[in-house]
Amino acid sequence: MRGAFIVVEGLDRSGKTTQVANLQAKLESSGTPVKLFKFPDRTTAIGQMIDSYLRSQSELDDQAIHLLFSANRWELATSIESLLEQGTTVVCDRYAFSGVAFSAAKGLPLEWCRAPDSGLPAPDLTIFFDISPEAARARGGYGEERYEKEQLQRRVRELFDVLASEFDDERWVTVDAGRSKEEVAGEVWKYAAALVGKVSPQVDKLWV
Ligand code: T5A
Ligand code: NA
């Protein structure tokens, strides 16, 4: 049986990193082999360019940074696919949906934004963390990076809705991420536990 591919998406400070770590630990203790990915992966050469841009230490055209975010996923796509085929469940902190939502929120055409990510391994389930920009702002560290501005986050949230509307309830679920860490963890676990061991043999391709 291949592994499940679970993506956690959402606005900045919605608690994704906290919850994917929790999910990884729970899957491991339930005996499911699991590997965590995080995008942007700031450790690669491309990831270092992205990191510098996000911390406003370098400037790039909107198109150029968009393509770097996508390339950062493609450089790990083969690893993700082989892990899934070997039976390892992959949990991913952000993916192509962030790629499209953030760049389109800056004004790039949605279809242009989607094109470079077309053909990536498609998640079996995307768990979207919904939080109001006000609640996100109240959490630690908000405002330190380039995209952490309320107006932009509102637009990003609308664009996530557009992307979500293309998936059915089996593939995309929304979680109220404004609640306590324990409540959010409980709901995430409910969705993950229902999926692991029940995925179709073939890994689909995104947006093809
Ligand atoms: N981006 C990303 C693109 O433009 N294109 C792309 O293709 C991709 C992949 C960086 C930026 O890049 C953009 C989107 C982003 O603007 P990132 O590296 O994922 O993306 O950003 P991070 O800063 O690492 O993560 P986030 O800001 O999104 O935070 P998280 O992971 O959602 O939140 P987390 O878990 O770190 O928690 C934030 C704080 O809240 C607390 C935590 O303890 C922490 O202090 N917290 C809670 N507090 C109260 N109640 C809860 N339930 C809480 N859960 C967590
Ligand atoms: Na952030």
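## A tour of the predicted model

Start by colouring by pLDDT, the predictor's confidence in each residue from 0 to 100. The protein averages 97, and 100% of the residues score at least 70. For the complex, the predictor gives an ipTM of 0.97 and a pTM of 0.97.

Before selecting, note that this is a predicted model: local features need pLDDT of at least 70, side-chain atom pairs count only at pLDDT 80 or more, and totals for chains, interfaces and linings use all residues. Residues are numbered from 1 along each chain as its sequence is written, while chains are lettered from A and ligands numbered from 1 in the order in which they are written.

Helices (H or I, at least four residues) and strands (E, at least two) are DSSP runs, numbered from the N terminus.

**Ligand 1.** Select its shell: 24 residues surround ligand 1, each with its C-beta atom, placed from the backbone, within 6 Å. The closest are G15, T17, T18, G99 and F102. Helices α1 (16–29), α4 (96–105) and α8 (181–195) are the elements that give two or more residues to this shell. By class, the shell has seven nonpolar, 10 polar and seven charged residues. Here Ala, Val, Leu, Ile, Met, Phe, Trp, Tyr, Cys and Pro count as nonpolar, Asp, Glu, Lys and Arg as charged, and the others, Gly among them, as polar.

Go to P40, in the loop between β2 (34–38) and α2. The F39 to P40 peptide bond is cis, with omega near 0°.

**α2 against α3.** Show residues 45–54 and 62–85. The two axes, lines fitted to C-alpha atoms over the stretch in contact, come within 9 Å and cross at roughly 140°. That angle is taken between N-to-C directions, from 0 to 180 degrees. In α2, pick I46, G47, M49, I50 and Y53; they meet I65, L68, F69, A71, N72 and E75 in α3. Contact means C-beta atoms, placed from the backbone, within 7 Å.

**Last stop.** S56 sits in the loop between α2 and α3. Its phi is near 60°, positive in a residue other than glycine.

Notes: Contact = placed C-beta atoms within 7 Å.
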